[in-house]
Amino acid sequence: QLSLKELLEIYHYRKIRPSTAIYALIGNPLKNVLSHIGHNAAFQKMGLDAVYIKIPLISQELERFFNLAKKMGILGISVTMPLKEDVLPYLSYVDPDACLMGAVNTITLDSGDYFGCNTDGEGALDALEIGESINGKKVILIGAGGAARAIGYVAVKRGAKIVILNRTKEKALELAKELNGQGGGLDEMGQEFEKGYDVLINCTPVYLPIDPKHLIPTALIMDIKAYPQEGSLLTHAIDIVEGYEMFVHQAVRQEKIWFQLSEEESIRNAILPFVNPHNRVKPLFISL
């Protein structure tokens, strides 16, 4: 049940008209996601007649959802866990990169058909490369799930050398083989610390997946969770990239796709103040 304040200040309910385009986020759970805040803020700032809503869904509801979505004319869909792989059978076309990643996070309605792509990997690497290119750098990915696959795929495309470490070693080795990288168990983190690395990315839901003593002070450390808790990996690191920065960059790419926009900086500046945990512009957004 949405509060009146949320309806007015996040969804701008008074401005919604029959002509207003609908965009949506699907996944489960959606309680702590940022998408509705960032995208609706950007829509207003950019003068777009559009609204972005959250729709909690499980895999078994996807067929009914896509049938209804087409009737409603939902023009764009963001996909989050655990549906990034499950949506593939319902799409008419999937971008070749997303096919190789095996996951979609962005869907667009065009001429009655839904098309899928993935902006997660590019968004993460855009955030990482604000200061310096990762070309030729050694990147350690903690985790071997869909997020690690998407980020690893793009990291390799941009010239990085990747090492995937996972609690289940077999999954890490399987993904490493797909991405032409190296793989191992989490218990091998000490060895990688001794060898050295340039970037480490936590792609798991665990806040502290490795011993902090294995963080190299000069390495760039990233956690893809939007708002890591106190005591998480980033609180033990020096040079960090927070997960909300990845969200902003992938969201910018989504809006460029949906609205055929070219100005990235304007979209980023419209989203960032509303999702940056260090500079929230309205008290309303403290509770997600």
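Helix α5 lies across β10 (199-202), β11 (220-223) and β12, and runs at about 145 degrees to β11. Contact here means heavy atoms within 4.5 Å. Axes are lines fitted to C-alpha atoms, for helices over the stretch in contact, and angles run from 0 to 180 degrees between N-to-C directions. Helices (H or I, at least four residues) and strands (E, at least two) are DSSP runs, numbered from the N terminus. The model is predicted: local features need pLDDT of at least 70, side-chain atom pairs count only at pLDDT 80 or more, and totals for chains, interfaces and linings use all residues. Residues are numbered from 1 along each chain as its sequence is written, and side-chain values use heavy atoms, with hydrogens and water left out.

The strands β10, β11 and β12 belong to an open sheet of six, in the order β9-β8-β7-β10-β11-β12. Pairing in this sheet is parallel; two strands pair if DSSP finds at least two bridges between them. β9 (182-185) and β12 (239-241) stand at the edges with a single partner strand each, so one side of each has no neighbour in the sheet. From one strand to the next, the twist averages 20 degrees. Five bridges link strand β7 (residues 138-142) to strand β8 (residues 161-166) in the parallel sense. Within this pair, I142 stands opposite L165 of β8.

A second open sheet also has six strands, in the order β2-β1-β3-β5-β6-β4. Its pairing is mixed. The edge strands are β2 and β4 (93-94), each of which pairs on one side only. Strand β3 (residues 76-79) and strand β5 (residues 106-110) run antiparallel and are joined by three bridges. S78 faces T106 of β5 across this pair. Helix α3 (residues 62-72) packs on the sheet and touches β1, β2, β3, β5 and β6 (113-117). The direction of α3 makes about 115 degrees with that of β6. Helix α9 lies across β1, β2, β3, β5 and β6 and runs at about 5 degrees to β5.

Strand β1 (residues 21-27) and strand β2 (residues 50-56) run parallel, with seven bridges between them. L25 stands opposite K54 of β2. With helix α2 (residues 35-45), these two strands make a right-handed β-α-β unit. The crossover counts as right-handed if, with the strands pointing away from the viewer, the path from the first strand over the helix to the second runs clockwise.

Two helix pairs were examined. Two packed helices are described by the angle between their axes and the distance between the axes. Helix α5 (residues 120-128) packs against helix α9 (residues 243-259) at about 125 degrees, with the axes 7 Å apart. α5 and α9 are therefore oblique to each other. Angles under 35 degrees count as roughly parallel, over 145 as roughly antiparallel, 65 to 115 as roughly perpendicular and the rest as oblique. The crossing of α5 and α9 is right-handed; a crossing is left-handed if the near helix is turned anticlockwise from the far one by less than a right angle, and right-handed if clockwise. On the α5 side, the contact involves D120, E122, G123, A124, D126 and A127. On the α9 side, E245, M246, H249, Q250 and R253 take part. By class, this contact has three nonpolar, three polar and five charged residues. Ala, Val, Leu, Ile, Met, Phe, Trp, Tyr, Cys and Pro count as nonpolar, Asp, Glu, Lys and Arg as charged, and the others, Gly among them, as polar.

Helix α2 packs with helix α10 (residues 264-275) at about 135 degrees, and their axes lie 8 Å apart. That angle makes α2 oblique to α10. This crossing is right-handed. α2 contributes I37, G38, A41, A42 and K45, while α10 contributes A270, I271, F274 and V275. The contact of α2 with α10 has seven nonpolar, one polar and one charged residues.

Backbone geometry comes next. Most residues other than glycine have a negative phi, and most peptide bonds are trans. The peptide bond from N28 to P29 is cis, with omega near 0 degrees. P29 sits in the loop between β1 and α2. The bond from M81 to P82 is cis, with omega near 5 degrees, and P82 lies in the loop between β3 and β4. N180 is not a glycine, yet has a positive phi of about 55 degrees. N180 falls in the loop between α7 (169-178) and β9.
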